[in-house]
Amino acid sequence: MPNLNRIRAIAGKEVYHILRDSRTLAIVILMPILQLIIFGYAMNMELQNVPLAISDLAHNHASRRIIQAFEQSGYFRIIPVAVEDFVPEELFRQRKAQATLSIPRDCGEERTQMLLKVDASDPNTAQLIQNYALGILGGGAKSGLLDLRPFILYNPDLKSSFFFVPGLIAMILVMICALLTSISISREKEMGTMEQILVSPVSALEILLGKVIPYILLGLLDAFLILGVGMLLFKVPFAGSFVVFLGFSFLYVLCALCLGLLVSTIAKTQQAAMMMALGITLLPTLLLSGYLFPIPSMPAVLQKITLIIPARYYLVIIRGIMLKGNSVAELYQAGLSLIVMTIVMLIVAVKRFKLRLI
Amino acid sequence: MIKTEELTRKFGDFIAVDHLNLQIVRGEIFGFLGANGAGKTTTIRMLCGLLMPSSGRIWVNNLDVAKEGEKVKKSIGYMSQRFSLYQDLKAKENLEFYAGVYATPRAEAWENTLPLLEQFGLKESLNMRTAELPMGYKQRLSLVCALVHNPPLVILDEPTSGVDPQARREFWQVINQLAFAGKTVLVSTHFMDEAEYCHRVIIMQAGKEVALGPPRELKQRFEVQNMQELFMKVAGGINAKLK
Amino acid sequence: MSIVKVEGLGISFGNLPALKEINLQVPAGGIYGIIGPDSAGKTTLLRTICTLLPYKEGKVEVLKLDALKDAAVIRAQIGYMPQRFSLYRDLSVEQNIRFSARLFGVNGKEYASTLERLYQFSKLQPFAGRQAGKLSGGMQQKLALSCALIHKPELLVLDEPTFGVDPVSRQDFWDILHALKAEGISIIVSTPYMDEAQQCDRISLLFKGKIIGSDTPAGILAGWKGHLYRLETDDPQRLYGYLKEDLRLGDLQLFGSDIHLGSEDALEDAVFEKWQKGCPALKSWQQIQPNMEDVFLKMMQ
Ligand SMILES: Nc1ncnc2c1ncn2[C@@H]1O[C@H](COP(=O)(O)OP(=O)(O)OP(=O)(O)O)[C@@H](O)[C@H]1O
Ligand SMILES: [Mg+2]
């Protein structure tokens with residue numbers, strides 16, 4: 001039976017470590033926010049100031065209106081190019097322009113054909129440029145007036161934050177939690193303080209539980225911080241209840257912390273623990289949780305692997321809570337999966353944890 | 001109190017402790033001497049259950065360490081050679097932490113340690129960060145932490161390294177008090193005047209016992225005046241051969 | 001010529017004064033010992049000399065350069081081994097030493113010959129390929145020493161270098177220090193071993209952040225007032241208890257199997273004989289010259 005006094009001793013000491021080490025504390029609190037902001041703006045698929053070269057052979061009212069529409073959109077920056085230099089491939093090669101538009105002489109008449117060429121060496125951007133340009137042309141051509149209203153539809157910013165904020169909460173949480181426990185245990189091994197604990201009658205379970213408990217609070221704090229910043233900066237909606245969010249985040253944080261424990265039973269040094277914790281949380285969460293790529297379209301083998309990625313379940317949960325306002329009834333299955341994973345990892349960690357030096 | 005039988009520990013091919021047979025009785029102060037790397041710490045760690053022997057057996061209080069590790073651990077107070085308290089904790093917090101780890105009630109822990117803290121002049125420093133204590137005081141605190149749960153067996157690995165001559169004498173006063181109170185004390189040291197205070201010592205060399213007995217008897221057997229000379233003769237002689 | 005000159009140095013951490021009014025002159029080309037109890041401020045003093053700590057009060061000159069302004073120049077010419085030296089635990093013994101050598105530009109023949117000399121003292125040659133993290137505590141200390149001694153700076157500062165080193169290696173280590181000194185290198189060393197203090201050319205006694213005396217070891221010993229007796233016994237604890245508790249003698253110290261007894265006046269044999277009746281553990285007695293440990297212990301009272 002684990003002895004509560006011993007667990008409390010270890011957890012209490014861990015709290016001192018956390019509070020004393022103001023720099024780590026700052027990292028734990030500031031890093032998620034920074035990450036959210038950086039990821040948020042980097043993943044933000046809004047275009048700005050794309051260099052666009054236009055060859056206007058019409059020089060009439062209609063063509064000027066089109067050019068003006070591009071200019072005023074803010075997405076494009078029109079670069080002046082002499083008529084004889086207007087060779088799209090050359091402009092792309094010299095990185096002077098990312099897109100070119102040729103307006104024919106008959107602009108303004110029925111069925112004008114315009115040629116838009118886009119530098120697709122970065123396919124994602126090219127896709128966006130195309131969408132934007134079509135939007136501008138469509139709006140300008142049909143109404144015959146300059147009406148910027150439809151453009152808001154093409155500002156993917158609002159839409160993508162729905163998509164990336166929940167994913168980032170899942171990713172940042174698992175990463176930080178796994179780092180916290182794995183480093184805190186491997187640090188004791190490295191500093192030699194573990195030796196003094198191991199001569200006492202504490203059991204592996206007591207040590208591990210004592211290490212996990214204080215970090216649960218820290219993890220939950222992070223969860224709310226990221227959510228808050230996401231709602232504030234990126235205007236994500238929150239349709240569900242905060243209590244449900246708290247409950248399921250607790251399960252997820254616990255699961256991630258146990259993942260860190262497991263890492264610490266393998267890694268001998270802090271460095272190894274850090275690399276390992278990052279390695280098994282960052283990319284798998286990004287790629288295999290259903291965050292960036294939908295799980296049903298993955299090959300069968302990968303689909304199986306996604307079953308052991310905690311973020312996979314948390315994503316279902318958090319998207320459900322935030323966007324659809326799901327409650328426990330719809331989410332309990334995903335929650336159960338997290339609980340099972342946590343228990344399994346804790347058991348394996350206890351079994352693997354060595355009560356000896358080597 | 002302690003008995004080992006053909007105790008051996010290998011690291012790969014290297015034999016760090018080589019077929020050691022020890023018998024240490026209750027109330028005894030037993031000293032481990034030997035050159036650096038002789039295998040003192042390795043032996044001590046096996047006695048505490050920190051390392052598995054490669055072969056051989058250990059009994060502490062008639063309990064087999066390999067089988068009843070947890071029971072044995074309760075009866076041991078251990079001070080490691082490498083300083084291993086938490087530097088970012090206050091002295092007092094370290095004490096309370098170890099009391100907690102041994103599930104000793106706070107009041108009892110203070111009762112066990114307060115006289116020692118006073119004797120060591122540590123009481124005023126209880127609220128200082130451990131990292132800020134001078135080396136010698138850290139060692140004193142380590143010793144006190146090893147005694148929070150009032151263990152019958154006290155194992156000290158080089159407790160007086162880095163401690164000034166006055167404090168070394170205080171350490172030994174405490175060690176004597178412990179033995180007087182019926183505790184068994186195992187202690188390793190590189191100070192040969194301290195070796196004189198042990199009831200019995202073992203001198204180790206390359207994992208093996210090269211001399212074992214009460215200091216007085218050993219001095220007679222090797223025809224030397226004091227333990228310093230004895231050490232130079234026994235350990236230094238072998239070192240000379242290595243050269 | 002003095003290699004280190006400290007005048008009126010004062011350092012405080014927060015409002016705790018660590019060093020007060022330190023005046024020190026370390027002559028070039030000798031071994032200078034800093035002796036004092038734990039918490040006296042030895043490490044702080046050595047760190048200041050190595051330009052590692054800033055100070056507001058007083059003046060520190062090392063190699064005729066100002067420790068505050070010319071820190072970079074000074075550091076290039078001194079070698080410092082801190083109390084808690086850290087090795088690369090995942091590098092082997094030899095790799096650690098070679099790394100230090102490269103750092104200080106020691107190559108070729110000089111490296112080979114110094115290395116051999118260092119192996120003689122450390123006896124680490126059989127373990128040259130072993131990872132530093134897998135050495136015993138004392139072996140690690142010896143490796144750290146070897147790394148510090150691989151190059152030959154003008155001034156070598158060693159903070160408790162023989163921490164955890166066994167007596168045989170300790171003597172070998174001091175032989176190396178004497179050899180370095182013969183090559184003209186100045187050495188400043190702090191140590192809790194009084195037999196080592198006795199091997200220094202000059203020492204300063206540091207006590208509660210103040211220097212209470214600087215002299216040659218012989219000079220310091222000559223300052224001893226009163227008489228000192230060595231009592232030989234087969235049961236030091238009992239005799240110590242008898243003299244201390246029953247007779248309430250103050251100036252008593254255990255020295256291994258002996259007891260040293262200080263006294264202002266000369267003591268007649270009759271006195272000892274009377275004690276012997278009270279406690280038969282007392283075997284013999286003789287008047288002796290004090291050693292450094294006697295002086296240290298007296299200073300502490
Ligand atoms: N983890 C390990 N892997 C390989 N060798 C080891 C390991 N731990 C210790 N050793 C080796 O075992 C030998 C004995 O080491 P031990 O620490 O017991 O010596 P010691 O007598 O305590 O020395 P010291 O006086 O320096 O503390 C040394 O040669 C050391 O290098
Ligand atoms: Mg050792």
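Select chains A and B together: in this predicted model, the two bury about 2700 Å² between them, with 57% of that on carbon and sulfur atoms. Buried area here is the accessible area (1.4 Å probe) that two parts lose on being put together, summed over both. Within chain B, pick B:Leu50, B:Tyr86 and B:Val101, which lose the most area to chain A and together make up 21% of what that side buries.

Next, select the residues in contact (heavy atoms within 4.5 Å): 30 come from chain B and 26 from chain A.

Two salt bridges (a side-chain nitrogen of Lys or Arg within 4 Å of a carboxyl oxygen of Asp or Glu) are counted between chain B and chain A. To see a salt bridge, display the side chains of B:Arg45 and A:Glu195, which meet at 3.2 Å, N to O.

Strand E1 (2-11), helix H2 (69-74), strand E6 (76-79) and helix H3 (91-101) of chain B each give two or more residues to the side that touches chain A. H3(B) gives the most, with five residues.

For selections, residues are numbered from 1 along each chain as its sequence is written, and chains are lettered from A and ligands numbered from 1 in the order in which they are written. Local features need pLDDT of at least 70 and side-chain atom pairs count only at pLDDT 80 or more, while totals for chains, interfaces and linings use all residues; side-chain values use heavy atoms, leaving out hydrogens and water.

Key
Helices (H or I, at least four residues) and strands (E, at least two) are DSSP runs, numbered from the N terminus.
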